[in-house]
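Hi,

Here is the structure I promised to pass on. Have a look, and my notes follow below.

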Amino acid sequence: MKIGDKVPLFSLLDQNGTRRTNEGLKSPLVLFFYPKDDTPGCTIEVCGFRDKYDLFKVLGAQVWGVSNGTSSSHLAFANKNKLQYPLLCDIDDSLRKTFKVPKVLGLLDGRVTYVIDRNGFVKHIFRDLLNGPEHIKEAIRVLKEIQNQ
């Protein structure tokens, strides 16, 4: 995926067993891929999205996290960190492959955030494995730009 691409339709279960799809989505979507549940960097990132969640709502956006964890792993991670948004279970990495989220050093799943507009087009991509908090700042900045267009 690159900026300007139309996101293909996808559908995955979240931590509660609810099917999440981008089909018919009428609001911007912040879709962030993170490496693994309950690791220090990922916990910082998901809690950053949690702490700014009300601002994302004010900006009219939905926030969905994605990793290859199971629903039980995601549910425990979401409950432990009091997350109010879905974590999608990309168990076979199909969505990660569709979005071409790279591995780091060929081993670690990458950390990439996509801001998708209400029409389903990628407006921004932010890649940084080590700086989870910057993903939140970048997403908010781009959502504000979209809102002002």
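The sheet is open and built from 5 strands with mixed pairing, in the order β5-β4-β3-β8-β9. Strands here are DSSP E runs of at least two residues and helices are H or I runs of at least four, both numbered from the N terminus; two strands pair if DSSP finds at least two bridges between them. At the edges sit β5 (87-89) and β9 (122-127), each pairing on one side only. From one strand to the next, the twist averages 20 degrees.

Bear in mind that this is a predicted model: local features need pLDDT of at least 70, side-chain atom pairs count only at pLDDT 80 or more, and totals for chains, interfaces and linings use all residues. Residues are numbered from 1 along each chain as its sequence is written, and side-chain values use heavy atoms, with hydrogens and water left out.

Back to the strands: β8 (residues 112-116) pairs with β9 in the antiparallel sense over 5 bridges, and Thr113 has Phe126 in β9 as its bridge partner. Helix α5 (residues 132-147) packs on the sheet and touches β3 (29-33), β8 and β9 (contact means heavy atoms within 4.5 Å). The direction of α5 makes about 165 degrees with that of β9; axes are lines fitted to C-alpha atoms, for helices over the stretch in contact, and angles run from 0 to 180 degrees between N-to-C directions. Helix α3 (residues 71-80) lies across β4 (62-67) and β5, at about 165 degrees to β5.

Then there's α1 (residues 40-51). Its buried residues (under 20% relative accessible area, 1.4 Å probe, protein chains only) include Cys42, Val46 and Phe49, and the buried set packs against β3, α2 (53-58), β4, α3, β8 and α5.

Cheers

Key: The expected span of a helix is 1.5 Å times one less than its number of residues. Buried means under 20% relative accessible area, exposed over 50%, partly exposed in between (1.4 Å probe, protein chains only).
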